[in-house]
Amino acid sequence: MTLYIRREASKLWKRFCSEITTEIGLLAENWKYLLAGLLCQYIHGLAARGVHYIHRPGPTLQDSGFFVLPELGQDKGYISETVFTCVFLSFFLWTFHPFIVKSKKIYTVLIWCRVLAFLVACQFLRVITFYSTQLPGPNYHCREGSELARLPRPHNVLEVLLLNFPRGVIYGCGDLIFSSHMIFTLVFVRTYQKYGSKRFIKLLGWVVAILQSLLIIASRKHYTVDVVVAWYTVNLVVFFLDKKLPELPDRTTTLLPVISKDRSKEENHKLLNGNGVDPADRRLRAQVNGKDSNGGHTDNGTNGA
């Protein structure tokens, strides 16, 4: 038993080190895209913080979802946040499964480049939308009489840039149409739908997305329109943007070409995106177990003259 554990631990460590080497190569090629995506997440946070300064509380608007779904109450508002946290952490951990799982289909760096592109496109539309028209927030801390419904003018620039984290992020108002939680949830679900391998988890993802939508409305964190607009906007953005982005190389059928300093950056970029593989590389991968690409055995000593 001890010998088996040692052997499996050794295999896992080798697999982990091999994946680290591969992902570092990909990170060296794509770090600019990841950095730009993360910077846009911060800019989106600044925009959401900014709209809170111009938010004016008022009577809650008439909403069909509020009539249908019973109000959970302020003390149960954590339920929707808990579901969202589980979705986020589950997807995050799944993107790192190539480091430990033998059968793998994605590269962590490349999948996050794709996910961030989807998020940034959706958040760009979201910022335009909630700055176009400010609605009175339905959340408890955004209603009339709440001290958090209005923000006093900032004392300095640093107060704005730091977003008053984490309180300013949790208790925001005014950034309603459309729901940011649904952007993340739907992007994660659609990404796993395409690159995941478990049918049950794919189905479960859509069920959780629907449940998350209902919980957001029942918690009065968004109007129903915020959730509805998120459903068709995010799906359309991902659908069209997915066709424009270069397809990820499939690890189940091909090997990632090794990044070479002898190649130009353009050639390396094409190789990473599966758009150009040297025929000689294909022949080398095909000659496995002494068989060539035509199914015959290779014989280096044939016709020696």
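Visitor: Where in the chain does Asn235 lie?

Guide: Asn235 lies in helix H9. The model it belongs to is a predicted one.

Visitor: Why is Asn235 called buried?

Guide: The cut-off for buried is under 20% relative accessible area. Asn235 has 17% relative accessibility, so Asn235 counts as buried.

Visitor: Which residues is Asn235 in contact with, leaving aside its neighbours within four places in sequence?

Guide: Asn235 is in contact with Leu186, Arg190, Trp206 and Ala230, once neighbours within four places in sequence are left aside. A contact here needs heavy atoms within 4.5 Å. As for Cys122, its C-alpha is 9.6 Å from that of Asn235, and the two residues are 113 apart in sequence.

Visitor: What does Val234 touch, not counting residues up to four places away in sequence?

Guide: With those residues not counted, Val234 touches Cys122, Phe178, Ile183, Leu186 and Val187.

Visitor: Which residues of the largest nonpolar core touch the most other members?

Guide: Val187, Phe188 and Val234 do, in a core of 45 residues. Two or more residues of this core come from each of helix H1 (2-53), H3, helix H4 (108-132), H7, H8 and helix H9 (224-244). H4 gives the largest share, 10 residues. In soluble globular proteins, nonpolar side chains tend to be buried together.

Visitor: What makes the peptide bond from Ile177 to Phe178 cis?

Guide: Its omega is near 0 degrees, and the bond is cis. Phe178 is found in the loop between H6 and H7.

Visitor: Is Arg220 buried or exposed, and how do you know?

Guide: The relative accessibility of Arg220 is 5%. Buried means under 20%, so Arg220 counts as buried.

Visitor: Where does Asp175 lie, and why is Asp175 called buried or exposed?

Guide: Asp175 is in the loop between helix H6 (167-170) and helix H7 (180-195). Its relative accessible area is 17%. The limit for buried is under 20%, so Asp175 is buried. Apart from its neighbours within four places in sequence, Asp175 is in contact with Ala48, Val51, Arg126, Phe130 and His222.

Visitor: What lines the second largest pocket?

Guide: This pocket, with a volume of about 570 Å³, is lined by 25 residues. Ser90, Phe91, Trp94, Tyr192 and Ile201 lie nearest its centre. Helix H3 (78-95), H7 and helix H8 (199-218) each supply at least two lining residues. H3 supplies the largest share, seven residues.

Visitor: How many residues of that lining are nonpolar, polar and charged?

Guide: The lining divides into 13 nonpolar, eight polar and four charged residues.

Visitor: How many helices and strands are in the chain?

Guide: The chain has 11 helices and zero strands. Buried residues make up 38% of its 305 residues. Among contacts between residues at least 6 apart in sequence, 82% join residues at least 24 apart.

Visitor: How much of the accessible surface belongs to carbon and sulfur atoms?

Guide: The accessible surface of the chain comes to about 18,600 Å², and 64% of this belongs to carbon and sulfur atoms.

Definitions and conventions. Residues are numbered from 1 along each chain as its sequence is written. This is a predicted model: local features need pLDDT of at least 70, side-chain atom pairs count only at pLDDT 80 or more; totals for chains, interfaces and linings use all residues. Side-chain values use heavy atoms; hydrogens and water are left out. Helices (H or I, at least four residues) and strands (E, at least two) are DSSP runs, numbered from the N terminus. Buried means under 20% relative accessible area, exposed over 50%, partly exposed in between (1.4 Å probe, protein chains only). On a 1 Å grid over the protein atoms alone, a cavity is a set of points where a 1.4 Å probe fits but cannot get out, and a pocket is an open set with protein on both sides within 12 Å along at least five of seven lines; lining residues have an atom within 4 Å of a point. Grid points are joined across faces, edges and corners, and a volume is the space filled by probe spheres set on the points. Ala, Val, Leu, Ile, Met, Phe, Trp, Tyr, Cys and Pro count as nonpolar, Asp, Glu, Lys and Arg as charged, and the others, Gly among them, as polar. A nonpolar core is a set of buried Ala, Val, Leu, Ile, Met, Phe, Trp, Tyr and Cys residues joined through side-chain atoms within 4.5 Å. Accessible areas come from the Shrake-Rupley method with a 1.4 Å probe; for residues, only the protein chains shown count as cover.
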